[in-house]
Amino acid sequence: MAYITLRDVHLAFGGPALLDGAHFNLERGERVCLIGRNGEGKSTLLKLIEGSLLPDTGEVSIQNGLTVSMLAQDVPMDSGKVADIVADGAGEAAAVLKAYHEASDACVLGDMEACDHMGMLQHKLDQLDGWALENKVNTILGKMGLDPNADLADLSGGRKRRVLLARALLTQPDVLLLDEPTNHLDVESIEWLEKFLLDQNNLTLLFISHDRSFVDSIATRIVELDRGILRGYEGNYSRYLELKAQQMEAEEKQNALFDKKLAEEEAWIRQGIKARRTRNEGRVRALKDLREQSKARRSQQGKVSMATQEAHRSGKLVFDIEHLSVTFGDNAPIITDFSALVMRGDRIGLVGDNGVGKTTLIKAILGEIEHSGSVKTGTQLEVAYFDQLRNALDLEKTVMANVSEGSDFVDVNGNRRHIYSYLQDFLFSPERARTPVKALSGGERNRILLAKLLLKPSNLIVMDEPTNDLDMVTLELLEEMLSDYKGTLLLISHDRAFMDNVVTSTWVFDGKGNIDEYIGGYQDYLEQRPDDKVVDQKSDVKKAQAKAEAAAASAPKKVKLSYKDQRELEQLPAEMEKLEKEQAELSAKLADGSWFVSDANAATLASQRLAEIEEALLEKLERWDILENMSKGN
């Protein structure tokens, strides 16, 4: 028998039905991912199963004795002791245990009434098996690496999620419901959550997520909520895409045949009595049925249509970052001695735990906060900034007012369009466009930001967590747009699949102020990083020199080099010295930025040459190391 069963469930809140005759089974041990467009009713479905909502009609059946626990989407901002918040998941036993500890503390201070009260509480704890609760709380907090005495308000978003998960798992539920568990988590926390859930034996999961990597790792089956109907797809997300494409093709063919039949019958009914000869009542009734079916048919929700407005091309050099450092508060380093070149067309992903300085680095590069070191900015730079905290939105104003700033028309790549028409590209109907932003979901707010961002001509797009709350279809369209973008992209994201599909290089923050650069996306970084995960790309030259000097200091048995190799070894120091001299001269000329003003092309070429020199130096140092070791028998 299935753990949970939905039979012909209907639910609506005034508009189109969120559930329109939905059927669903959840079997023991399954890990089912519930997907669908923003606003389709996924969270509503979880609330029906949890019991906080009732359907209009139909049946939600849960196996007798089954315990269901839910981890909500929103992270609380409340304060409170972590152990107490987790223990609250046990209901009455937690309240009695907390009261007992409070009475005990008061009794020690001489409150005799509290001492008398302790006896009654102790008896109640015996009945509820409450004495084991404290041990359970400490055990699960230990598994999750959480301090029981920490204050919830002091924890990061990822740690708060762990607290809520511990609370949900405290009663060892048979079914765990998760609503967007990876939202606002850093990559390390997401990977921890994946492993933790996979390690829970016999735990049955029903979860909502738009993180494709997380879905592929966790899900054994995918169920899509589409226009009020639930459809199941066996396998991972990639398999779902194949099956979904086949289903949509079949649906389009079926709709085309239906529309053809309806058109033929409409043409027949409009003919005169003479043309029809006799009135066919059965055919008339059939036409009425076709008309009703046509009215009831719900079309697939359209796709977001997005395109960038590109400004004039920036100079080839976008940013030349030299020895950038940022400190806050007690001079604790957030970023330490970071140097990099950002060239036109680069798409760079920033990866690291929450709070390590990714947004800080962006702001330092853009000149929004103070820093040491230098950031030289290229010419003709026009920036469009997608803000993680959505500060660009006025929650009291409507969607239309936020995007068009009061005008009825917007300019889209030289074409004048009505704001309603433009917003329909982002799935906002005219009625929805007149809705205050404060009434919209997180996914809808992100679409507003995209609509606003893409009206601004740019050759540099900066995006800070753009993927939170976006459905998978919109995510994939955003990927396509960014992949086709001719300008430069700086992207902060914890969505590993999104990073892999968009970026050309990755800056990885280690949490100690250091930033390492890797070619490619997140998976490329995982393959390239060393086992000890400690690499400082900024000091590659120094490391190579140190390695060469260490090799020179050792004195194993020598072997005779060939004449060619010996000659190359003798010439390498002079060649490197020449390169270092050229490097110093160019660095000095570029130091104050005036060269970019007087002759931008020459200065840009000089910056490119500096990058070439650094690569050449690394190659020659590596070759020197090899030849030295060969000559010494290593």
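A crossing of two helices is called left-handed if the near helix is turned anticlockwise from the far one by less than a right angle, and right-handed if clockwise. Keep that in mind as we look at this predicted model, where local features need pLDDT of at least 70, side-chain atom pairs count only at pLDDT 80 or more, and totals for chains, interfaces and linings use all residues. Residues are numbered from 1 along each chain as its sequence is written, and side-chain values use heavy atoms, with hydrogens and water left out.

**A helix pair**

The protein has 23 helices and 20 strands; these are DSSP runs numbered from the N terminus, helices being H or I of at least four residues and strands E of at least two. Helix α3 (residues 92-108) and helix α4 (residues 112-128) have axes that come within 9 Å and cross at roughly 155°. Here axes are lines fitted to C-alpha atoms, for helices over the stretch in contact, and angles run from 0 to 180 degrees between N-to-C directions. Angles under 35 degrees count as roughly parallel, over 145 as roughly antiparallel, 65 to 115 as roughly perpendicular and the rest as oblique, and α3 and α4 are therefore roughly antiparallel. Their crossing is left-handed. Among the residues that meet, α3 supplies Leu97 and Tyr100, while α4 supplies Met118 and Leu121; contact means heavy atoms within 4.5 Å.

**Rings that pair**

How many aromatic pairs does a search of the whole structure find? There are eight. Rings of Phe, Tyr and Trp (its six-membered ring) pair if their centres lie within 6.5 Å; planes under 30 degrees apart count as stacked, over 60 as edge-to-face and the rest as tilted. Here are two of the pairs:

| Pair | Centre to centre | Angle between planes | Kind |
|---|---|---|---|
| Trp192 and Phe196 | 5.1 Å | 20° | stacked |
| Phe338 and Trp507 | 5.0 Å | 70° | edge-to-face |

Trp192 and Phe196 are about one helical turn apart because they lie four residues apart in helix α7 (residues 187-199). Phe338 in strand β11 (residues 332-343) and Trp507 in strand β19 (residues 505-509) are 169 residues apart, and this pair links distant parts of the chain.

Elsewhere, ring pairs link Tyr233, Tyr237 and Tyr240 into a cluster.
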